[in-house]
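Take a look at it first, and then we can go through the details together.

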Amino acid sequence: MEVFDYNDIQLIPNKCIVNSRSECDTTVEFGGRQFKLPVVPANMQTVINEELAVSLAQNGYFYVMHRFQPEARHDFIKRMHDQDLFASISVGVKPAEYDFIASLAADDLQPEYITIDIAHGYSDSVIKMIKYIKEQLPTAFVIAGNVGTPEGVRALENAGADATKVGVGPGKACITKVKTGFGTGGWQLAAIRYCAKAAQKPIVADGGIRTDGDIAKSLRFGATMCMIGSLFAGHLESPGKEVEEAGRKYKEYFGSASEYQKGAYHNVEGKKLLVPYKGSIYDTLQEMKEDLQSSISYAGGRDLKALRTVDYVIVKDTIYNGD
Ligand SMILES: NC(=O)C1=CN([C@@H]2O[C@H](COP(=O)(O)OP(=O)(O)OC[C@H]3O[C@@H](n4cnc5c(N)ncnc54)[C@H](OP(=O)(O)O)[C@@H]3O)[C@@H](O)[C@H]2O)C=CC1
Ligand SMILES: Nc1nc2c(ncn2[C@@H]2O[C@H](COP(=O)(O)O)[C@@H](O)[C@H]2O)c(=O)[nH]1
């Protein structure tokens with residue numbers, strides 16, 4: 001297996017077939033709906049809240065609400081459906097989550113998307129939860145993870161997952177790699193490729209995306225959707241606390257397995273950092289769209305499919321030379 005990460009890869013341009021980048025279509029189908037971009041803000045407490053979820057859904061973007069206010073999820077689904085918007089929630093695998101799923105089934109309240117969000121997703125606990133959700137809420141599109149190997153992808157797909165989320169340890173707020181020695185940190189892009197080759201269903205690339213070009217690279221190596229935390233955490237709409245240091249504005253971004261999320265220093269695999277304040281998330285989404293349109297034009301196509309087959313070279317972390 002070739003080992004590389006985002007910085008190690010350059011995609012090779014093909015002959016352009018459009019007269020303007022604006023002709024390039026960045027929309028993606030995911031779970032039966034069409035979205036403007038193949039990106040989704042991470043389901044983390046400093047990245048997404050209910051207000052942003054509503055706004056993203058209204059504006060044609062995919063979202064996944066986090067699971068850290070478990071008691072709010074029932075009414076959240078209702079409120080989304082009252083506004084004719086899709087509901088996309090997260091769950092864990094602890095016993096109370098089974099009661100929650102059963103309560104949704106009893107009330108015939110089926111969210112359109114459910115993400116099972118745990119650190120080590122290649123596990124019996126996730127397999128059991130996928131099966132339970134599919135039994136109780138059969139219309140929900142289930143995204144399960146996180147995994148880092150083809151075996152993990154196959155196990156979750158075979159259990160009934162509709163998509164799998166790939167990425168163990170590549171996140172910016174992650175310390176799993178240093179605390180445990182495990183994960184896909186440092187070779188996340190190769191892991192996406194390795195997993196996508198085995199996948200029969202969509203892959204969500206999760207963690208490690210630092211530039212808009214990394215989105216194109218994720219799609220090249222087999223992802224359908226990219227989950228992004230730190231790049232989305234510094235906005236006006238981001239729920240993280242605003243902080244000012246040396247006259248500059250920042251927003252707090254902390255890991256879901258950090259002491260700031262857990263309220264205690266116990267099995268901590270995440271940290272807190274400050275990300276520069278960036279204004280509205282919609283300006284960032286517009287820039288991502290323009291950059292991805294440009295990527296498609298360099299790929300020699302008109303839509304995201306063109307990215308799947310472009311050639312690439314491994315440049316081993318030299319792409320920033322001269323920048
Ligand atoms: N993508 C990534 O690389 C990572 C993401 N995270 C994020 O942090 C949040 C918390 O994750 P997580 O701790 O899994 O969720 P939970 O705290 O909800 O734990 C889920 C269940 O899995 C158990 N568990 C957790 N880690 C392991 C493990 N390595 N081996 C066996 N059992 C385990 C927990 O028990 P117990 O705690 O008693 O072991 C608990 O029963 C999630 O949002 C997750 O996405 C965290 C780390 C890595
Ligand atoms: N190891 C940990 N990973 C975490 C934690 N909280 C979230 N995450 C993962 O990071 C991505 C976002 O990555 P980024 O590089 O875009 O910032 C997120 O979707 C989770 O999968 C954590 O505490 N520890």
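## Around the ligand

A backbone N or O atom of Gly169 sits 2.7 Å from an oxygen atom of ligand 1, a polar contact (a pair of N or O atoms within 3.5 Å). Taken alone, ligand 1 exposes 870 Å², and 63% of that is buried by the protein; accessible areas come from the Shrake-Rupley method with a 1.4 Å probe. A polar backbone atom of Ala119 is 2.8 Å from a ligand 1 oxygen, while for an N or O atom in the side chain of Arg67 the distance to an oxygen of ligand 1 is 3.1 Å.

Which residues come nearest to ligand 1? Of the 17 around it, they are Arg67, Asp117, Ala119, Gly167 and Gly169, where a residue counts as near if one of its heavy atoms lies within 4 Å. The shell divides into 6 nonpolar, 7 polar and 4 charged residues, with Gly counted as polar.

## The cysteines

How many disulfides are there? The count is 0, a disulfide being a pair of cysteine sulfur atoms within 2.5 Å. The sulfur of Cys16 has its closest cysteine sulfur in Cys24, 6.9 Å away, so the two are too far apart for a bond.

Cys16 is partly exposed, at 39% relative accessible area, whereas Cys24 is buried, at 3% (buried is under 20%, exposed over 50%, partly exposed in between; 1.4 Å probe, protein chains only).

## About the model

This is a predicted model: local features need pLDDT of at least 70, side-chain atom pairs count only at pLDDT 80 or more, and totals for chains, interfaces and linings use all residues. Residues are numbered from 1 along each chain as its sequence is written, chains are lettered from A and ligands numbered from 1 in the order in which they are written, and side-chain values use heavy atoms, leaving out hydrogens and water.

Methods:
Polar contact = N/O pair within 3.5 Å; in protein donor to acceptor, adjacent residues only side chain to side chain.
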